[in-house]
Amino acid sequence: MKFTVADLLDQLPAQEALPLTKLEKALGISQKAEKQQLQIGLDGLSRLGLLEVSEAGVARREDPELIAARLRCSSKGFCFALREDGGEDIYIRDHQLNHAWNGDRVLVKVTREGGRRRSPEGGVQCVLERHTTSLLAKVEQQDERLVATPLDDRLLTAVELPAGDAAHLDCEQASVVEVLVDRYPVGQFAPQGHVARSLPVNGGEEADLDLLLTKHRLHSRPQPPRATLKTLAAKERIDLTAQATLLLEPWSGKEAPALPALSIEERDGGWTLWVHTPAIAERFSAGSTLDTWLRNQADAYCTGNQWLPLLSPALAKASSFKVGEVQEALSVALELGADGSLEHYRFSRSQINPVAAVGLEALNALAERKPKSRTVPAALKGLKEQLGLLEQLIAVTCLLRQRRQAAGSLDLNLPLPAIDSLGDLAVPGPDSALAGWLVSLEPHHPLALMREAVLLADQALGQHLATLELPAIYATNALADPSDLNDVARAALALDIPLELSEEGNASAAELAAAFAGTDRSRALQQQLQAILKPIQLSTSPGPHALAGLLEEGAALAPWCCPTLHYADLWNQQLLVLLLTEGKDRPSVRHKTTVDLASDACHGAIDWPLLAPSQLTPYLEVQEHGLVQRLNGRRRFLSELQADLLAMLQARQAEPLVGQVLPGVISGVQSYGFFVEVPPSQVEGLVHVSSLKDDWYEYRSRQNRLVGRKNRRTYMLGDQVQVEIQKVDALRHQIDLAVVLPDGYESDTADSYPQNQDQNQDQNQDHDDIDPFAPIAVLSEV
């Protein structure tokens with residue numbers, strides 16, 4: 001079908017019936033066969049009670065018992081449904097999946113309420129949207145059937161292939177295949193598909209990238225539609241070309257997206273910090289074919305030394321900033337007090353002329369330069385006139401960072417490993433789009449400067465659009481759950497890490513991070529902390545943003561400074577441009593006094609409609625049709641892609657080390673074994689309890705350790721151990737390790753104890769303990 005169940009439901013208004021002809025048009029259905037498929041879908045959804053078909057058309061029915069969620073499955077056959085509304089995740093047993101696969105968007109009904117240390121249980125009622133349309137697999141002959149066995153063992157079924165695909169049988173396992181799914185499982189019928197092509201397993205870096213892009217279905221992205229971009233008139237813009245504006249260049253990959261430009265001016269009692277973003281939203285119409293294409297793209301993807309850009313080539317070329325060239329921008333002037341507080345702001349459509357580009361090499365040279373030195377390092381020769389501006393920018397952004405951290409925001413010292421192939425992925429973006437924490441950077445790093453300015457500019461627009469009640473997309477970031485924080489605190493106390501707790505016995509994430517920073521187990525404890533931090537979510541309503549230090553009532557942050565990276569920023573740019581160009585600055589033309597809609601000075605002074613309903617309705621309708629949910633889904637996809645790329649590169653780094661004994665640090669302890677991080681690539685592998693032959697080991701979850709019953713030997717979080725790399729599976733990202741006991745330690749108890757096994761039979765446990773890549777893990781906890 002050309003549409004999914006989610007597409008169909010998204011087209012139906014909440015309050016009234018939609019005529020069938022209009023629904024067909026909205027779904028792009030014109031052929032007779034397609035109309036028959038739609039009718040079958042409508043009949044099935046009617047039986048489920050999701051909609052009602054009448055002479056007036058098709059109406060959506062709301063059933064509070066049906067919960068929209070995304071499936072996250074394990075290789076053991078049980079899954080959790082991650083609710084889109086942020087509620088408690090729902091445990092799904094294998095017989096309640098109803099043919100849904102890992103990653104599918106589904107509707108779930110709760111069948112058993114949760115209790116203490118037990119998640120609620122439920123069953124899948126309907127698959128809204130299939131996540132897997134193609135997959136990587138190995139072709140196998142099973143009796144009379146030719147099947148494709150997915151490499152991802154969270155997909156719990158084989159796909160039947162036609163007999164002609166037997167040509168792809170590979171006894172030497174030197175290749176895998178891309179399989180396109182032709183039919184999903186229905187009733188007693190297995191899924192069917194066909195082989196699209198073979199891909200080599202050990203074909204080098206480019207072949208690995210092809211494998212990765214194929215796995216995530218990014219190897220054949222749709223081409224942008226033909227579109228004529230609008231010409232932006234200079235007379236309608238504020239001329240800022242005389243301003244000393246700097247381009248910060250942290251990335252060097254092919255097709256790396258353009259980033260905001262910065263400038264700063266000193267004023268009485270503080271500074272004015274300028275953030276200039278590429279004027280992209282003005283160059284095409286909202287709701288146009290180009291806008292729809294960009295919405296479907298959703299994000300730019302970094303794959304190491306090259307990017308899969310969000311923008312079309314023509315749009316990127318027209319809007320990018322270049323040194324010495326006048327270019328259109330959307331700008332904000334942030335008026336800061338002497339303590340770095342945001343006092344006022346004003347947005348504008350502008351023209352800028354960047355005077356210099358500044359990279360990490362130049363900023364490193366500036367940081368190493370002695371005060372009052374008369375010599376200028378070679379890396380700074382071209383920036384001699386801008387050195388004072390740079391020093392001022394570094395000082396002010398340091399002040400902003402201190403204020404953010406004082407408000408509870410987290411910077412963790414968890415950089416990605418130094419692997420050349422990571423390229424731009426090793427340099428965090430300026431917009432903190434995914435995680436609820438920031439990577440610690442030197443104060444003079446280009447991204448350290450940019451992200452403080454971007455967070456503040458996003459805060460200003462969020463406050464502005466929320467106050468004016470415009471349909472913005474907000475970024476929200478909830479605080480970590482207190483019980484999760486207490487678990488991390490208990491783990492630290494068990495490791496004799498001194499903590500100062502509040503009178504209630506609780507510790508904040510910032511307090512824990514500060515306590516961990518100076519210890520010899522800092523990295524392992526920070527990893528435990530970052531694992532419980534809440535990710536950033538997009539929402540149609542403003543809300544707290546812990547990462548930006550915005551926790552007070554009425555907090556709002558609307559991303560808009562990185563429209564080359566995310567469609568959410570483009571959306572908010574569109575609203576800003578609409579406000580600046582079409583907003584009514586007075587009740588009627590008879591009124592002589594106007595308000596400045598571009599600044600915070602207008603707050604509280606407007607009691608008339610800023611925009612006509614016809615101008616706002618298209619935005620409201622798109623939001624009602626699930627835009628934010630889809631963008632959040634694409635962000636999860638982006639996070640998975642980046643994690644997959646890192647894991648594959650680390651596994652490739654580990655392959656030449658098979659058989660070697662290396663030092664490592666225990667990064668996680670579970671009932672089925674412990675994980676060890678091995679430098680320098682920080683590759684993480686599993687030491688399974690079954691390989692510990694010297695004793696019977698008990699798992700003590702509150703202490704994050706395994707303890708031998710007889711010899712009392714312990715393995716706990718942050719311990720340094722010697723391990724042998726035994727096996728590496730780069731495709732599945734599995735690294736098998738074995739502990740090497742210290743010299744002189746002899747095990748005379750190896751035959752005295754039964755083989756260590758998992759000690760828990762209940763699979764309904766916290767799904768954060770699930771490791772889909774554990775080779776022999778029984779995934780549960782005492």
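# Exercises on a predicted model

A search of the whole structure finds two cavities of 30 Å³ or more. The model is predicted: local features need pLDDT of at least 70 and side-chain atom pairs count only at pLDDT 80 or more, while totals for chains, interfaces and linings use all residues. Residues are numbered from 1 along each chain as its sequence is written, and side-chain values use heavy atoms, with hydrogens and water left out.

## Exercise 1

Describe the lining of the second largest cavity.

Step 1. On a 1 Å grid over the protein atoms alone, a cavity is a set of points where a 1.4 Å probe fits but cannot get out; a pocket is an open set with protein on both sides within 12 Å along at least five of seven lines; lining residues have an atom within 4 Å of a point. Grid points are joined across faces, edges and corners, and a volume is the space filled by probe spheres set on the points.

Step 2. The second largest cavity has a volume of about 30 Å³. Its lining consists of Ala298, Asp299, Leu538, His566, Tyr567, Ala568, Leu631, Arg634 and Arg635.

Step 3. Helix 13 (567-582) and helix 15 (627-654) are the elements that give two or more residues to this lining. Helix 15 gives the most, with three residues. Helices (H or I, at least four residues) and strands (E, at least two) are DSSP runs, numbered from the N terminus.

Step 4. Five lining residues are nonpolar, one is polar and three are charged. Here Ala, Val, Leu, Ile, Met, Phe, Trp, Tyr, Cys and Pro count as nonpolar, Asp, Glu, Lys and Arg as charged, and the others, Gly among them, as polar.

## Exercise 2

Step 1. Helix 5 (289-297) and helix 6 (313-319) each supply at least two lining residues. Helix 6 gives the most, with four.

Step 2. The lining divides into 13 nonpolar, six polar and four charged residues.

Step 3. Glu255 sits in the loop between strand 14 (246-248) and strand 15 (261-267). Its phi is near 60 degrees, a positive value in a residue other than glycine. Most residues other than glycine have a negative phi.

## Exercise 3

Is Glu282 buried or exposed, and with which side chains does Glu282 make polar contacts?

Step 1. Glu282 is located in the loop between strand 16 (270-278) and helix 5.

Step 2. The relative accessible area of Glu282 is 6%, so this residue is buried. Buried means under 20% relative accessible area, exposed over 50%, and partly exposed in between (1.4 Å probe, protein chains only).

Step 3. The Glu282 side chain makes polar contacts with the side chains of Arg237 (2.7 Å) and Arg349 (2.9 Å). A polar contact is a pair of N or O atoms within 3.5 Å; within protein, one must be able to donate a hydrogen and the other to accept it, and residues adjacent in sequence count only if both atoms are side-chain atoms.

Step 4. Leaving aside neighbours within four places in sequence, Glu282 is in contact (heavy atoms within 4.5 Å) with Lys230, Leu232, Arg237, Leu330, Arg349 and Val577.
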